[in-house]
Protein chains: 2
Amino acid sequence: MSSERPPEAAPHADAPRATRAAIIAVGSEMLSSLRQDTNSLWLTARLEEVGISVVRKSIVADDPEAIGDEVSFAARCADLVVMTGGLGPTADDVTVAAVARRLDMPLSRNEDYVARMRERFARRGIRMPAVNEKQADFIVGARVLENPRGTAPGSWIARGGKEYVILPGVPSEMREIMEARVLPVLRERAGRIRASRRVLRVSGMGESAVEELVAPVYAKWKDDPVTILASPGEVQLHLRIVGEPEEAARRLDAMEADFRQALGQRVLSRDEDLASSVGRHLRESGLTVAVAESCTGGMIAKLLTDAPGSSDYFLGGLVAYSNAAKVEFLAVAEETLRSHGAVSEETARAMARGARERFGADLAVAVTGIAGPDGGTPEKPVGTVFFALARREGAEVARRREFNGDREVVRLAASLYALDLVRRAVADA
Amino acid sequence: MSSERPPEAAPHADAPRATRAAIIAVGSEMLSSLRQDTNSLWLTARLEEVGISVVRKSIVADDPEAIGDEVSFAARCADLVVMTGGLGPTADDVTVAAVARRLDMPLSRNEDYVARMRERFARRGIRMPAVNEKQADFIVGARVLENPRGTAPGSWIARGGKEYVILPGVPSEMREIMEARVLPVLRERAGRIRASRRVLRVSGMGESAVEELVAPVYAKWKDDPVTILASPGEVQLHLRIVGEPEEAARRLDAMEADFRQALGQRVLSRDEDLASSVGRHLRESGLTVAVAESCTGGMIAKLLTDAPGSSDYFLGGLVAYSNAAKVEFLAVAEETLRSHGAVSEETARAMARGARERFGADLAVAVTGIAGPDGGTPEKPVGTVFFALARREGAEVARRREFNGDREVVRLAASLYALDLVRRAVADA
């Protein structure tokens, strides 16, 4: 049986470590405005982990000439070319043939693989369509990368001092082959070299405020660049070091300590998002929480319940969009709404108190504000949000914030701010 | 004053219409695993609108040689090369110089532009740093594309029968220049040719079920390819025709009619998402709605309140995560919870009734289910969700569904299914 297989190259484990990779996504659909290539971002992260930098990425149509040109061009600037897509059974799927032609390597049908594909179809009670046979055409000398999830196998070719890894475009299949067959080899070649990362999440302040606070630390660690990424309500600091893991961990510990000193308790636990951090603190302290939302419209409850097991500490939430609901469910006094307005500190406090009592929770957080685009006034412009936190023992917290941005940004920033109030209340308790 | 400016090329409005474009995003940060190029998707959509197809996309580092090679390569397969990024004032920003060198065209400093940049800084009370001067270096013969939002101007160059549009990488600046200075010219050249699109949204069924129903229609319109895109809870059909608008509209009308006939009332109003469609139906009919959520944890309320003005028809929602909350707020009988369980049709019905009455709404929808990953049983596996819809006039609807996927997918699919129940109830009313 093995004699029918084309010769496969060695596992390449003792080849020199590649340091520069190019990624080519093949598929005309990714050149329309409807689909984005998402594989390359995942591949970049995996390659970085084994110490390989991506020097260029491209997306090319299902066209043999265009694919061939792209492969030649990519091989000029990288020593490893990773390709995804175009391995299906249809006439559009031409990646393997295009690469074979460009590298001037013959194709050969692997009859053993054809038999296994037939079996695969038979197990599902289907006769294999004839078109699928071409998926068993491999470049002679290629290492076949089995695909446990589908009929499109990958392949790994060495030619002229360069290497080419060809993977299916379906993300789950691409990832599984990469993790099971490609990364172990790359990792072995890299020896003890790898990228170590750490993410610090900072809540309750904007990007420029974070930048100002960390500028001296940033300068101190300028040889290990830190990336600052901002999203509404959260700023992330990405720390990354390529090298031996013990040394990297030591450096990362020292960097993290410096950043934490600059930022204080604004830093959440690392590698954990805000809702998860709140959940962990609640679970550890044995406390329960309830929420009362107006302008955030359910988003805080949604974020809290994204985590599995959140029923351990989240009792429930009320989305009181109308004044009547605030009165009926949260016992907010009509007089409070009349004299201070639905968007006021007093109403936020009454909502928090009402929610805590009615749900029987240890803590409750309430939000009322103007998400826009309409409803603003000179005293309370769009983006104005009032927060209140009520506790069983009675100590209340109230805050007023004005967020910039559109409705979506205001709602998200307000939701994260409310979660941060809960986090800090529990962390301090 | 104008004599100091380098000569600018004509507006290119009478140049032949480009039909093939390549997009190059310049920026080393987009080759890391932390940032994605998002400009190219937007650019692709705008170019399609003026009848230009994107034939390849690439991302390249801030390196003059790499940029030069990329430009040469792109110009071989396209007649219009659109570049973004690398126009800032720092040493990393080398796009213009790299293009000039590769196209063998001289650079010249535009002193008039330098003066205007200085004024711009002065208005903000800042002295312009010397490094910014290089942003006034233009390729001789380039058409300068003013940037009203920043100091990095774009440029438009014609050379060897190809055209090169260079834009800043900051998305808001890139978009504004493209819309104000580039697209009008491309539109004029295209004459009456443009791409007309239509999106049909299908709710309440999966991708393969949609594909089966529309297969005959798909075959009938095979010359005008339709793209099917699936996401949890929704399938989109994208129709696109390039040509004169009146003729395109006629063809789109006919296509839409065929698809609607095949799919029936599963098709939402076109170009409108499900929550917006629900909102429009409620507003038109003058009805109000409330929600009672368990496993979806606030997501239905959040989706309904994403739309501005939703307070006109959305009265509020209750996230009753605990049994106690179901009893306390929605008057679900303890006996119902005991004998049928919290995840049951009976509980869903009681929640819907309770929410409708307590919020005083015309309609209420309730959801209770097992989002996972834990909590499944043989009779009610993870993904099982019960829905109920209560109306003022008393006619109730109840449904049981099993959704496949992880916690996030189950929650989203259940939320959209619930919204679709409301939509159909109001549309039928």
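Me: Is Lys302(B) buried or exposed?
Reply: In this predicted model, Lys302(B) counts as buried because its relative accessibility is 19%. Buried means under 20% relative accessible area, exposed over 50% and partly exposed in between, with a 1.4 Å probe and protein chains only.

Me: Which residue does Lys302(B) form a salt bridge with?
Reply: The partner is Asp306(B), with the closest N and O atoms 3.1 Å apart. A salt bridge is a side-chain nitrogen of Lys or Arg within 4 Å of a carboxyl oxygen of Asp or Glu. Asp306(B) is partly exposed, at 31%.

Me: What about Arg423(B) and Asp420(B), where do they lie?
Reply: Both lie in helix 13 (residues 407–428) of chain B, three residues apart, about one turn of the helix. Helices are DSSP runs of H or I with at least four residues, strands are E runs of at least two, and both are numbered from the N terminus.

Me: Switching to Leu330(B), which residues does it touch?
Reply: Not counting residues up to four places away in sequence, its contacts (heavy atoms within 4.5 Å) include Ala292(B), Leu318(B) and Met351(B). Leu330(B) is in helix 10 (residues 323–330) of chain B.

Me: What are the conventions?
Reply: Residues are numbered from 1 along each chain as its sequence is written, and chains are lettered from A in the order in which they are written. Local features need pLDDT of at least 70, side-chain atom pairs count only at pLDDT 80 or more, totals for chains, interfaces and linings use all residues, and side-chain values use heavy atoms, leaving out hydrogens and water.
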